[in-house]
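This report describes parts of a two-chain model. Look at the sequence and the structure first, then read on.

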Amino acid sequence: MTLRPRRRLLWRGSILVAVVALGAACVAPARTAAAYEGKAADSASSAVSALRTAILAAGLGGADRSFPPTVSVLLSEAEEDADATEAAFSSIQPPDPVSDQIRAELEPMLIKASKRLALLRIAARRADLGALPRLAQPIERLAGKLERFAQEHAA
Amino acid sequence: MKKIFEIFLGILTAFGGFVDIGDLVANSETGARFGMRLAWVVILGVIGIVIYAEMSGRVAALSKRGVFDVVRERLGARWALVNLLASFFINFLTIAAEIGGLALVIELVTGINYLLWVPLLGIAVWVVLWKMKFSIMEKAFGLSGLAMIVTAVALWRLDPGLGNTFSAMRHFGPTPDETWATYGFFAIGLLGAAMTPYEVFFFSSGAVEEHWTKEDLNVNRANVYIGFPLGGLLSLAIMGASATVFAPRGISVSHLSQVGIPVSLTLGKVGLAFLLFGMFAAIFAAAIETSLSAGYTVAQFFGWQWGTFVRPRQAARFHLVVIVSMLGAVLLALTTLDPIKITEYSIVLAAAALPLTYFPILVVANDPTYVGEKTNSKALNAVAFAYLVILLVVAVATIPLMIITRGGA
């Protein structure tokens, strides 16, 4: 093998690795109803994760067991995760009418999750940590609903 | 007495310095998703790093040369260049991950966005590296990293029950809601985090920096045989705490801030303060180690003068590589790429490149030209060879698993 083809091979290899690494992080489109349902279940699970993290953070803040900036960061990140989940799910094209129903059921819950988390984040940034447990109360019910949804629609 | 104290200090330093951003992220994420079902990978990784770090420390102490220097001479420039390119790229990603991780810790304390801290912390790492003596730097940060022991205390307070923990560790395979591919991908990440290549480059070059001789082989053995496994126990404690708090609630860990939750729940603000201090020290140490490793590998490959034991003017090219690597890493961290994602990719790609790092070490540790009569025993070679086979399988499986699981999503 001469030097030039070897270099070309090295370049192609590097490009392949970069494409694979970037591709691995992308959200693929859902071409079938089953794939769409699977993505809906994953989105619901992600939202549950963000909501339950926020519940823990709110509890820590309310009980004075964590530092205010730490609680604020935790809640901001939970909100960002919920927003990202909602945006990613909304961008997926539902392939059939059954998928439309799934979307109609899940999307409002995801939007509600984002709104609830925003309220927590606002209180934390105002250093009103005492209000967090009260604001977090309705979140557990929402997390429970999303968890049931994820279980019902999991592959 | 002085020798015993030195060994004890070395063990504690190795213990406190074992966990870095990669271990924190990999163990927390895995604990949340798989409970303790991947704890065996941590044990496998710790045994692997113990075996190969001991070899690299022995080669450095007896030949008084860094491992990369010896590899280039023993296996030729071509093999060493492939090794250098792979190691340097992964090491570079790791520097960015460590500096980003440091900034995230400061964000947790101040509430100010981590991006503002990235350049300042890059400068802070460089100043410490430039001004502080190697041995003081290594021990100060390694010992401070011990503060992360609060995680083990938190796990004990969470009381998952020793029997339950061991019983969970015995389960091989994914949880019902996860696939074998994801299980394999996370296993690779854990192995990459435990056996990160920079650890052996830094360990062996550090031995030369501290002028180790044949008399220091016991210090070498104590550091790796006791210090590293203790560090591994800390990794398991992080995994255990995450498994106890997050897994039952369906929480997945995707931020460094979440790592502190189990400690806050059990030990409150005091525990969290210890954890944040320990995390900062351990990640700071790792940022220094990875930055130095960038210089070590390049300088040793090209045969330049290297090390902090000589005046900077005498090792100008070594310092230039360190500075340029750090600057590049700071710029990468400033791109707003999530430091946790950079960490995930760095540990998984590190796993893919592990055979390139460890095969040459096995070769030189068996060559009497470099280690005299202290070559590997047959039993050690058998275990080390078995590890190489495992690492080769891991290297082949990494990219396909990354595609199948969409990066462990």
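## Chain A

Along its sequence, chain A runs α-α-α-α-α. The model is a predicted one. Chain A holds five helices and zero strands.

Chain A has 155 residues, of which 41% count as buried. Consider the contacts in chain A between residues at least 6 apart in sequence: 81% of these join residues at least 24 apart.

## Where the chains meet

At the boundary between the chains, 23 residues of chain A are in contact with 27 residues of chain B. On the side of chain B that touches chain A, the elements giving two or more residues are α5 (77-110), α13 (261-302) and α17 (378-404) of chain B. The largest share of that side, six residues, is supplied by α13(B).

By residue type, the side of chain B that touches chain A splits into 12 polar, 10 nonpolar and five charged residues.

## Helix α17 of chain B

One of the helices at this boundary, α17(B), can be followed along its length. α17(B) is made of 27 residues and spans 39 Å from its first C-alpha to its last, close to the 39 Å expected at 1.5 Å a residue. The helix α17(B) has a kink of about 40 degrees at Thr398(B), shortly before the proline Pro400(B).

Which residues of α17(B) are buried? They are Ala384(B), Tyr387(B), Leu391(B), Val394(B), Thr398(B), Leu401(B) and Met402(B). Residues three or four places apart in an α-helix point the same way, because the helix has 3.6 residues a turn.

Just after α17(B), Arg406(B) adopts a positive phi of about 50 degrees.

Terms used
Residues are numbered from 1 along each chain as its sequence is written. Chains are lettered from A and ligands numbered from 1 in the order in which they are written. This is a predicted model: local features need pLDDT of at least 70, side-chain atom pairs count only at pLDDT 80 or more; totals for chains, interfaces and linings use all residues. Two residues are in contact if their C-beta atoms, placed from the backbone, lie within 7 Å. Helices (H or I, at least four residues) and strands (E, at least two) are DSSP runs, numbered from the N terminus. Ala, Val, Leu, Ile, Met, Phe, Trp, Tyr, Cys and Pro count as nonpolar, Asp, Glu, Lys and Arg as charged, and the others, Gly among them, as polar. The expected span of a helix is 1.5 Å times one less than its number of residues. The bend at a residue is the angle between axes fitted to the seven residues ending there and the seven starting there. A residue is buried if 20 or more other C-beta atoms lie within 10 Å of its own, exposed if 12 or fewer, and partly exposed in between; C-beta atoms are placed from the backbone.
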